[in-house]
Amino acid sequence: MQASDSKEASREIVVPGDLLDSSGKEPGPGTYTEGRNIYAAQLGIKTVRQNVVGVVPLSGQYMPERGDMVVGKIEDVSASNWLVDINAPYPAPLHVNEVPWRVEFGETRKFMVPGDVVLLKVVGVDETRRIQVSMNEHGLRKLTGGMILDISPSKVPRIIGKNGSMIQMLKNATGCRIYVGQNGRIWIDGELDDIIKAVKAVKLIEEEAHNVGLTEKIKKLLEEGSRKGE
Amino acid sequence: MGGMTTDIKLLDENGRRVDGRTPEEMRPLRIEAGVLKRADGSAYVEWGLNKVLAAVYGPRECHPRHMQNPTRALVQCKYNMAAFSVDDRKRPGPDRRSQEISKITSEALTHVVFTEYFPRASIDVYIEVLQANAGTRCAGLTAASVALADAGVPMRDLVASCAAGKAAGTVMVDLGKEEDNFGEADIPVGYVPRTKEIVLLQMDGDLTQDEYVKGLNMAIHGCEKVYEIQRDALKRRYEARALDTDIAAPEGAGKGVA
């Protein structure tokens, strides 16, 4: 409890319009400036790292960024494109040149149809927020089997944890194959019991993302599950 | 308004209003953020006998396509009163009044949202009045701005809203139903406290210049109180569980698929 008390002071929740800094620091993500003043633009937690003041959002839509790995659902198929829903405010067309197969014009349906789930990488977002996605990279593929879990995109970093510690723990404890897309979609595959356990853990992480001792709680949950299973 | 007569005493000998308030006193206001699970952001407002729900969806793709703005997002509000929100059943569906309120609310909110971050998108705000007792546009705007912040939409500030008016010859803040119906004037105000900008201003009824200035100042003062309650509602939503540790993940952590 004492440890959390000392941290409380540094975890300040800010609301849009709150003044974050006026001492000439650099504005980070989730902020805007007026003169020398930096204000919060989003509901979130104030963070100060070196000389940068930012806001870690507590909620919000997924905004695609170059290099993001995302789990997408095929929504529509045209002669040379698949239209993929990547949970962003904008549609993401996947061109036939961006898939690892050789697709003749008009034969897109032979490869993927609406409802299919794919692992993609965002390769470009321009200033008008037009998105380009690709499947032409090692590890990117069509996902078959397993299940999809939707969580709030702002909680994705918690699911992954510091340097992937949380997700590694999940994988080790459940033996499931898990992909976490930056867009808040999680693909899980494994034995049914393991999947159920993983889903439970992910839901707990999402719910308690901002609580003290999250890692401990998850560890406990996972251990409990495995003991019962034996 | 003003034309109607009543034998209700809108202000008694002790300077008390129908519901016992002084002219400077607002009705009790309670705001709850994040009450709807399916919406991206939501808020519930109880303001006196007013009960208003607001839900935000988006930013999302704008439909119909021809409404899209290639440079910024659209903030589209829909204000609706439930059939059971008033004494006589309100005929459901959009009418002139609700269309007007939808429009002015959209415009007030557009002013604070960073619409340029989401070109071609639309941010949809739905305001449902469950119970009405005068001042629902203010309650609706107040709820909508909390819901927007709850949805994580980037914005310059919250919009607070409060009304003032004149009843029984006295300028007073936050009119109740009787005061609105039988009073002389009503001024709803939408206000951005940080920059002191007014983003909504209407007037129904007649006031002298002095009365108007007095009323406007009262309403703005009310907005400032509303603003504190809005901020509190948003903070309260996360405060209890916001003591965590792993939040400050190092730069780059959480990027890419594990």
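The model is a predicted one.

Start with the layout of chain A. Take domain 2 and domain 3 of chain A. Nine residues from domain 2 of chain A and eight residues from domain 3 of chain A make the contact. Look at the side that domain 2 of chain A presents to domain 3 of chain A. The elements giving two or more residues to that side are β8 (69-77) and β11 (117-125) of chain A. β8(A) supplies the largest share, three residues. By class, this side of domain 2 of chain A has eight nonpolar residues, one polar and no charged.

Now turn to a sheet in chain A. Three strands make an open sheet, in the order β14-β16-β15 (chain A). The pairing is antiparallel. β14 (147-150) and β15 (177-180) of chain A are the edge strands, and each pairs on one side only. From one strand to the next, the twist averages 20°. Follow β15(A) to its neighbour. β15(A) pairs with β16 (residues 185-189) of chain A over four bridges, in the antiparallel sense. For R177(A), the bridge partner in β16(A) is D189(A).

A helix covers part of this story too. Helix α4 (residues 192-207) of chain A packs on the sheet. α4 touches β14, β15 and β16 of chain A. The direction of α4 makes about 155° with that of β16(A).

Move to chain B for a helix pair. Two packed helices are described by the angle between their axes and the distance between the axes. Here the partners are α1 (residues 96-110) and α2 (residues 136-150) of chain B. Their axes come within 11 Å and cross at roughly 40°. Angles under 35 degrees would count as roughly parallel, and 65 to 115 as roughly perpendicular. α1(B) and α2(B) are therefore oblique to each other. Their crossing is right-handed.

Which residues of α1(B) and α2(B) meet? From α1(B) come I101(B), T105(B), A108(B) and L109(B). From α2(B) come R137(B), G140(B), L141(B), A144(B), S145(B) and L148(B). Sorted by class, the contact of α1(B) with α2(B) has six nonpolar, three polar and one charged residues.

How values were computed. Residues are numbered from 1 along each chain as its sequence is written. Chains are lettered from A and ligands numbered from 1 in the order in which they are written. This is a predicted model: local features need pLDDT of at least 70, side-chain atom pairs count only at pLDDT 80 or more; totals for chains, interfaces and linings use all residues. Axes are lines fitted to C-alpha atoms, for helices over the stretch in contact, and angles run from 0 to 180 degrees between N-to-C directions. Angles under 35 degrees count as roughly parallel, over 145 as roughly antiparallel, 65 to 115 as roughly perpendicular and the rest as oblique. A crossing is left-handed if the near helix is turned anticlockwise from the far one by less than a right angle, and right-handed if clockwise. Two residues are in contact if their C-beta atoms, placed from the backbone, lie within 7 Å. Ala, Val, Leu, Ile, Met, Phe, Trp, Tyr, Cys and Pro count as nonpolar, Asp, Glu, Lys and Arg as charged, and the others, Gly among them, as polar. Two strands pair if DSSP finds at least two bridges between them.
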